[in-house]
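Visitor: I have a chain to look over and would like to talk it through. Could you show it to me first?

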Amino acid sequence: MDNSLNEPLIGQSTSSNNTSMIIDVDQASFMKEVIETSKTTPVLVDFWAPWCGPCRQLTPILEQAVKSAEGRVRLAKLDVEANEALAAQLSQMGLPLQSIPLVVAFWKGQVVDLFQGAQPASEIKRFIEALLKTAGSSLPTEDLLKSAKESLTNNPAEAADAYAQVLDIEPESAEAWGGMVRALLNLNEIESAEEASEQIPEKLKNHPDVTGARAALSLRKEGEQAASELTTLQQEVAQNPNNFDLRLKLALSLNGAGNRSEAADVLLDMIKQDREWNEGAAKTELLRFFEAWGVTDPTTLSARRKLSSLLFS
């Protein structure tokens, strides 16, 4: 398909003053609002018709996605039935307008991507993310998520605020929900973290960001009680070093007290001595710690390497 669309189009000389993110275009305004605008801002063109049922399903999802982009991408809606001459010309240039809905992404006056048929919001988000990446940009929520992740440990209050902003824009962002729970845990606001966990949409329950955050919440609640017994457990383990039940409780207590490396070492030593004890309970607990700490946590990375060495040596 020829994606340059540099041939003179119907309505090329006509201008328009509409600068909103979502507009209706026709033969008179297509060149300015799509081709010219796309030289500085990515433009999605929604080719639709009044009789098209899937079009009516798709358009509101497109509009919401574009609004969430906060001006970084525009949406131009073209009724192909009311603009038959332009539709025919675009078809001759290679756009597959025989099947609608058709959404075409323009950047720098060229077609860079397209899709046909109704799509779920998640797929449309990915489509827009790819378009913005081509244009050297990203969605506002991606910027917020990056900022929140960077401040999660050292400034959890700032992270929580950023995650809240993402959830205002994308209420079904699993990364934002998981991050919010972790930020509240870092602020020692356990009840608020529980409330946030309960508000997570059911459809996100199996997402890794959500399961990890909930594991962290569960571990934190268990650990807080166990942490109060830390001194007693340390003394009991010193007197009974072969009591694996006590050592398992000690690992939980150490983690609850914030001593992640020591907690991991206790479990790793148990695995080294008897990896099959209690159906691999030490390994199971260590993997639960990894999920709660996060896959990129330094302690997770270090302990996972040690675990691999033990299991495959």
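Guide: A definition to begin with: buried means under 20% relative accessible area, exposed over 50%, and partly exposed in between, with a 1.4 Å probe and protein chains only. This is a predicted model, in which local features need pLDDT of at least 70 and side-chain atom pairs count only at pLDDT 80 or more, while totals for chains, interfaces and linings use all residues. Residues are numbered from 1 along each chain as its sequence is written, and side-chain values use heavy atoms, with hydrogens and water left out.

Visitor: Where does Lys108 fall on that scale, buried, partly exposed or exposed?

Guide: Lys108 is partly exposed, because its relative accessibility is 49%. The residue sits in the loop between β4 and β5 (110-116), and its phi is positive, about 55°, although Lys108 is not a glycine. Helices (H or I, at least four residues) and strands (E, at least two) are DSSP runs, numbered from the N terminus.

Visitor: And what about Asn278, which loop holds it?

Guide: Asn278 is in the loop between α12 (260-274) and α13. Asn278 also has a positive phi, about 50°, without being a glycine, and its relative accessibility of 47% makes it partly exposed.

Visitor: Which peptide bond is cis?

Guide: The bond from Ile100 to Pro101 is cis, with omega near 5°. Pro101 belongs to the loop between α3 (84-92) and β4 (102-107).

Visitor: Switching to helices: how do α11 and α13 cross?

Guide: The axes of α11 (residues 244-256) and α13 (residues 281-293) come within 11 Å and cross at roughly 10°. Axes are lines fitted to C-alpha atoms, for helices over the stretch in contact, and angles run from 0 to 180 degrees between N-to-C directions.

Visitor: Is Ala193 buried or exposed?

Guide: Ala193 is buried, at a relative accessible area of 0%. This residue of α8 (residues 190-199) touches Val181, Leu184, Leu185 and Leu217, leaving aside residues up to four places away in sequence.

Visitor: Finally, how many helices and strands are there?

Guide: The chain has 14 helices and five strands. Of its 313 residues, 46% are buried.

Notes:
Contact = heavy atoms within 4.5 Å.
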